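Visitor: Please take me through the salt bridges of this model, pair by pair. Then place them against the sheet.

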Amino acid sequence: MSLTILITNIVLANRSGTEVVVEQLADGLRRRGHRPVIFAQMLGPLAEQMRSRGHIVTDRPDILPFTPDVIHGHHTAPVMAALAANPGVPALFLCHGAASAFDSLPPHPGVARIFAVDELCRARLIADGAAAGRVELLPNAIDLSRILPHPHLPKRPRRAVVLTKHAVHLPVIRAACAAAGIALEEYGSGAGHMIASPEAVFAQADLVFATARTAMEAAAAGAGVIVCDGRGMAGFLDLENAAAWLPWNLGAGILTLPMTEENVSTAIACWSAEQAEQVSLRVCAQYGIEWLLDRLEVIYRDLINAPPTRDAQAEAAATGAFIAAWTPHFDQTAPWRWQADQIASPPIGSPLDGVVTSVASLTQSLSELRSAHTAQEARMAAMLTASLAGMASTFTNEQAASEQRMIAHHRATRVSVRLAASLSALWRRLVPLALRAPLHKMRRRLLGHPIA
């Protein structure tokens with residue numbers, strides 16, 4: 001039976017953890033003949049890419065042309081909005097963050113099933129008020145169809161990759177890799193170098209520094225993995241560690257060691273190509289997305305087939321209480337303040353961490369462009385000023401020369417006029433009047449002028 005599943009997420013713009021989870025989940029459900037619909041409050045390039053592949057993506061849960069069969073919820077606010085827009089539709093909630101305000105348990109009776117991706121998130125949901133027996137584990141899964149085959153690993157790692165949305169730990173990793181003679185490549189919003197297909201990088205890397213789903217994908221690809229990020233580190237992922245760490249989603253719950261060069265160097269020294277290959281086999285066998293889709297299909301049908309227990313008054317009351325607590329007002333201890341603080345300054349590992357880092361990187365790039373533009377403007381202004389100054393100097397020199405020529409010409413003219421007047425006076429004084437007329441006629445005849 002084909003189902004319409006409304007998937008919620010706080011953002012669908014880049015390629016942070018939950019965004020990739022949503023993309024791979026939607027792709028997998030479509031492969032199985034279902035109709036996934038994605039509602040996210042902030043859309044961006046990833047949303048446009050998914051739309052171009054035929055997915056329905058919206059930032060308005062109230063304008064869908066159909067009513068979903070079930071709501072697959074990530075993040076508190078979009079889940080509450082989806083429930084309010086689709087009364088009576090059953091929902092599950094899956095918590096991805098143990099410290100984020102955006103992953104609080106939605107206070108709504110329509111949330112019929114509660115899940116956590118790891119034990120740390122499970123403990124958080126219980127602290128939020130969920131009964132311990134209601135919180136189930138639903139770990140992240142990997143789309144194995146996107147994992148490229150990895151060549152045989154060397155005895156010692158030669159090429160390493162770090163993929164992260166944090167930047168604080170990068171200097172430590174650089175120093176440890178340099179000391180071990182390992183070439184390092186850096187990707188992710190924390191490194192300022194986003195990458196659309198990390199699977200291709202994992203297929204060529206001997207060693208990967210990452211956490212959570214990214215670390216699982218790297219392990220599935222066959223690379224050796226050191227589990228770490230800006231929050232701390234766990235160490236090299238061997239078969240024994242995998243048994244203990246995978247239930248924690250290779251995430252914050254196992255990052256018990258500080259990020260120091262010594263600890264990273266120790267983890268590099270634990271490298272084992274054989275162990276990396278064994279871990280890869282285990283991750284592929286137990287954490288493939290097809291296993292997750294099988295389980296979700298059962299969960300969805302259980303939600304749909306459950307006896308109706310809807311209480312419209314309780315739903316309205318829950319929605320009203322959520323609006324009162326999660327929209328801005330003067331109570332500084334209300335949940336909205338916690339959310340606002342995380343938007344303004346997101347903690348390491350929050351859903352918006354990668355988005356904010358990308359925005360910061362974009363802001364820095366714009367600032368650099370403005371500086372370059374300002375410098376170019378200054379250079380052009382200086383060139384124009386120098387050119388105008390040269391033109392003014394040339395014009396001034398030419399004007400001065402012209403004035404000198406005019407003065408000289410005026411002086412010469414005055415001399416000529418005076419000389420002519422003096423000669424005329426001398427002519428009249430020396431030549432008698434009786435001789436002037438014949439001489440005048442002779443002059444005109446010599447010059448060829450007609451004689452009157």
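Guide: What follows covers the salt bridges, then the sheet.

This is a predicted model: local features need pLDDT of at least 70, side-chain atom pairs count only at pLDDT 80 or more, and totals for chains, interfaces and linings use all residues. Residues are numbered from 1 along each chain as its sequence is written, and side-chain values use heavy atoms, with hydrogens and water left out.

The structure holds 19 salt bridges. The term means a side-chain nitrogen of Lys or Arg within 4 Å of a carboxyl oxygen of Asp or Glu. Helices (H or I, at least four residues) and strands (E, at least two) are DSSP runs, numbered from the N terminus. Buried means under 20% relative accessible area, exposed over 50%, and partly exposed in between, with a 1.4 Å probe and protein chains only.

Start with R146 and E23. Their side chains form a salt bridge at 3.8 Å, N to O. The pair links distant parts of the chain, 123 residues apart: R146 sits in the loop between β7 (135-137) and β8 (159-163), E23 in helix α1 (residues 17-31). R146 is partly exposed, at 23% relative accessible area. E23 is buried, at 4%.

Next, R174 and E186. Their closest N and O atoms are 2.5 Å apart in a salt bridge. R174 belongs to helix α5 (residues 170-180) and E186 to strand β9 (residues 183-187), 12 residues apart. R174 is partly exposed at 38% relative accessibility. E186 is partly exposed at 22%.

Elsewhere, salt bridges with shared partners join R31, R32, D143, E290, D294 and E297 into one network.

Now the sheet. It is open, with 7 strands in the order β3-β2-β1-β4-β5-β6-β7 and parallel pairing. Two strands pair if DSSP finds at least two bridges between them. The edge strands are β3 (56-58) and β7, each pairing on one side only. Strand β5 (residues 91-95) and strand β6 (residues 111-116) run parallel, joined by 5 bridges. L94 has F115 in β6 as its bridge partner.

Helix α11 (residues 289-305) lies across β1 (4-12), β4 (70-73), β5, β6 and β7. Contact means heavy atoms within 4.5 Å. The helix runs at about 160° to β6. Axes are lines fitted to C-alpha atoms, for helices over the stretch in contact, and angles run from 0 to 180 degrees between N-to-C directions.
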